[in-house]
Amino acid sequence: MSKIQRKGARRIADISIDCLASLNRGEIETANLMEWLAVDQRFLLEHILQQNGRIHYLKPILVLLDQLQKPTVNSINETIGRALLDLITQYRDNTFLIILSDHAADLVRCWATYTVGDDKQLEIEKLLLSMRPFAADRHFGVREISWMAIRNRIALNLERSIAGLSLWTMEKDENLRRFASEATRPRGVWCKHIDSLKQEPSLALSILEPLKSDPSKYVQDSVGNWLNDASKSQPGFVRALCNRWEQESDTKETRYIIRKALRTILK
């Protein structure tokens, strides 16, 4: 299904009743962060399960949601996705995972990223392969959740993950290239830090080097932020790398990345 081109409301209160109803039924994608925050995921879950003849999945998931001490969009998203993995495994219902992964609603696809990402049976190489469709998703929310869903697995299998993600830096799709950088950020956003990369950022040079003059601003921002993360614990490494890149790659793209990378050091 093609993305619906429309502008989202600037405030949750400004979302029309009809639009919110469509979002809560999973009929359309959210257009911006305000709509993403406004969706009633409990209602959406019940509607999707009822629609697909799996309403018996609802109660055990609601029990887990009720146990959340600080329910947020992300924690609800993760809880639903991980609970769905247990149910899909219990009922041998991989068909439903396919339905979720290709659903019109971006939040439903977000659940699927956690369902896939929490599968301990998948080796890291197969997990990265399974995550590619979500990393390349047309929707910003799914792309963000996709790296968050497997961040811990990447950290636990860092060497193998970096080896696999280094190949993604050569992809034509800017979303895949950006994923390779964003998923391995030493500090990241809304996620646990990767201590080994904070202390030894050179471990990820096979990801960073191919992206030092990437044509996509989406990728440039991620690489600049990656190095800014590293500068907070290893400023000498970041200075030296930026100095070398400045000599090797005299492009506006590299200069932009360097400015972002050094913004904390130069304050």
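In the predicted model, helix 3 spans residues 41-51, and its buried residues are Gln41, Leu44, Leu45, Ile48 and Leu49. When the helix is viewed down its axis, these buried residues fall within an arc of 125°, so they line one face of helix 3. On the other side of the helix, Gln50 and Gln51 are exposed.

The buried residues of helix 3 are covered by several other parts of the chain. Among the elements that provide this cover are helix 1 (17-24) and helix 4 (58-66). Helix 5 (73-90), helix 6 (94-101) and helix 7 (106-117) also contribute to the covering of these residues.

Local features were also identified at the two ends of helix 3. At its start, a side-chain oxygen of Asp40 reaches to within 3.2 Å of the backbone nitrogen of Arg42. Just after the helix, Gly53 adopts a positive phi of about 65°.

The relative accessible area of Gly141 is 4%; because buried means a value under 20%, Gly141 is classed as buried. When neighbours within four places in sequence are left aside, Gly141 is in contact with Trp36 and Cys110. Gly141 and Cys110 are 31 residues apart along the chain, and their C-alpha atoms are separated by 7.3 Å.

Conventions:
Residues are numbered from 1 along each chain as its sequence is written. This is a predicted model: local features need pLDDT of at least 70, side-chain atom pairs count only at pLDDT 80 or more; totals for chains, interfaces and linings use all residues. Side-chain values use heavy atoms; hydrogens and water are left out. Buried means under 20% relative accessible area, exposed over 50%, partly exposed in between (1.4 Å probe, protein chains only). Helices (H or I, at least four residues) and strands (E, at least two) are DSSP runs, numbered from the N terminus. The arc is that of the directions from the helix axis to the C-beta atoms. Contact means heavy atoms within 4.5 Å. A polar contact is a pair of N or O atoms within 3.5 Å; within protein, one must be able to donate a hydrogen and the other to accept it, and residues adjacent in sequence count only if both atoms are side-chain atoms.
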